[in-house]
Amino acid sequence: MTTTHRRQLPKASLLALGAAGLVAGASIALFWPRPSEFRLTVLPPGPVSPDFRLVDFDGQPRSLADYRGQVVVIFFGYTRCPDACPAALFKLAQVMKRLGPASAQVRVLLITLDPERDTPQLLKSYVTAFDPRFVGLSGTTAQIDHAAASFYVAHFKAPTSNDYYAIDHSTATYVIDAQGQRRLIGAMNTSIDDFAHDLKLLAGRLKQGASP
Amino acid sequence: MYTHIHRLTFLLALAWVIPALAADQRTGSLTITQPWSRATAPGAAIGAAYFEIVNAGAVDTLLRIESPIARQVEMHTSYTEGGTMRMRPVTSVDVPARGRVRFEPSGLHVMLIDLVRPLRKGDRFPLTLVFQHAGPVRVEAIVQDLGTLIPPWREGHGQ
Ligand SMILES: [Cu+2]
């Protein structure tokens, strides 16, 4: 009697242990951060979808939906930016070269935060100096504020003298996938290699028939 | 024979180094090292210039910068705060005794506002740094490639 009792106890505890192990395993599988295949920071979809209604440097109205089916890389800046904007665009131009044929699936956009001074002609000569495929977008102050807000981009006018002002702004680079979802965010120190790696991944999926 | 070869290598090395350092300018105890700028897109209104001031003597103050390349020249400083890059004017820059001050991307810079012509890679243009004690010091900035953040001579030396 005592022996059977002794034998049953370990059995029950083994079962309990097994169940606990299963639960633990399942929760680890569910909540353990999976190593990302991407090198840039992966963004979860936010409460606000990225969007814009702007005008390109040729006068064509553009919304983010126009670029569906392409991987879209967006930088917010202005042509009077001393070093952050030229550095970011120069890097993206090198990324496009590194991508080779895959660059056909990638669209790089500069959205100006300075519509007053960045005329369409200036925007065009500026962005195409980095890469002839780059597109510059502008709009009314309200349209640009709306676009920036949907990307959580902060920007402020900051006068440096009576007749000159700078624009303080976020220096992140946003990557939108072919479905128009915010996917990745790059920083000023993100390397050309890392950008090229991630854009190639997103563009590759597109070729495999995921595109509409 | 050995000394001849030695002297020749030295001269060759010197000839190679001189063009890179040609833009260094020494006035009294101040040396302005390798001023540089960045190429601009056609029609671009602004440019930026950078250099290092090495002071072997007593404290001095950089009061302003002049250049015929732009209609307006300001000294600014950039800094990042919470992911936002900000830029503010600087009225003067103290150069500490036996110290140095570096103008560089994402930091202190010369803002060339309303360029009279676009800056092309390889171009040179004058900058005059006006110091409280040393007075005006004229240097030549060499224009580097579009998007340059680290001039070629500092590449590999880290930041
Ligand atoms: Cu500035």
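User: What is the geometry of the copper ion site?

Analyst: In this predicted model, local features need pLDDT of at least 70, side-chain atom pairs count only at pLDDT 80 or more, and totals for chains, interfaces and linings use all residues. The copper ion has four donor atoms, with angles of 96 to 126 degrees among them. Four donors count as tetrahedral if all angles lie between 85 and 135 degrees. The site is therefore tetrahedral.

User: Which residues coordinate the copper ion, and at what distances?

Analyst: Donors are N, O and S atoms within 2.8 Å of the metal; water is not among the atoms, so sites may look incomplete. Two histidines contribute, His76(B) through ND1 and His109(B) through NE2. Met87(B) and Met111(B) each contribute SD. The distances are 2.1 to 2.4 Å.

User: What spacing do the donors of the copper ion follow along the chain?

Analyst: Residues are numbered from 1 along each chain as its sequence is written, chains are lettered from A and ligands numbered from 1 in the order in which they are written, and side-chain values use heavy atoms, without hydrogens and water. The donors follow H-x10-M-x21-H-x1-M.

User: Where do His76(B) and Met87(B) lie, and how many residues apart are they?

Analyst: Strands are DSSP runs of E, at least two residues, and helices are runs of H or I, at least four, numbered from the N terminus. His76(B) sits in strand β5 (residues 70-81) of chain B, and Met87(B) in strand β6 (residues 84-89) of chain B. The pair links distant parts of the chain, and its members are 11 residues apart.

User: Is Met87(B) buried or exposed?

Analyst: Buried means under 20% relative accessible area, exposed over 50%, partly exposed in between (1.4 Å probe, protein chains only). Met87(B) has 4% relative accessibility. Met87(B) therefore counts as buried.

User: Which residues of chain A is Met87(B) in contact with?

Analyst: Contact means heavy atoms within 4.5 Å. Neighbours within four places in sequence are left aside. On chain B, the contacts of Met87(B) include His76(B), His109(B) and Met111(B).

User: Which residues have the most contacts inside the largest nonpolar core?

Analyst: A nonpolar core is a set of buried Ala, Val, Leu, Ile, Met, Phe, Trp, Tyr and Cys residues joined through side-chain atoms within 4.5 Å. The largest one has 101 residues. Its largest share, nine residues, comes from helix α2 (residues 84-99) of chain A. The residues with the most contacts inside the core are Phe52(A) and Phe103(B).

User: Why do the buried residues of α4(A) line one face of the helix?

Analyst: In helix α4 (residues 141-150) of chain A, the buried residues are Ile144(A), Ala147(A), Ala148(A) and Ser150(A). The arc is that of the directions from the helix axis to the C-beta atoms. These residues line one face because, seen down the axis of α4(A), they fall within an arc of 165 degrees.

User: What covers the buried residues of α4(A)?

Analyst: The cover comes from chain A strands. It includes β2 (53-56), β4 (71-77), β5 (106-112), β6 (135-138), β7 (155-161) and β10 (182-186).

User: How many helices and strands does chain A have?

Analyst: Buried residues make up 46% of the 212 residues in chain A. Chain A has five helices and 10 strands.

Technical notes. Donors = N, O, S within 2.8 Å, 3.2 Å for Na, K, Ca; no water. Tetrahedral: all angles 85-135°; square planar, octahedral: opposite > 155°, others 65-115°.
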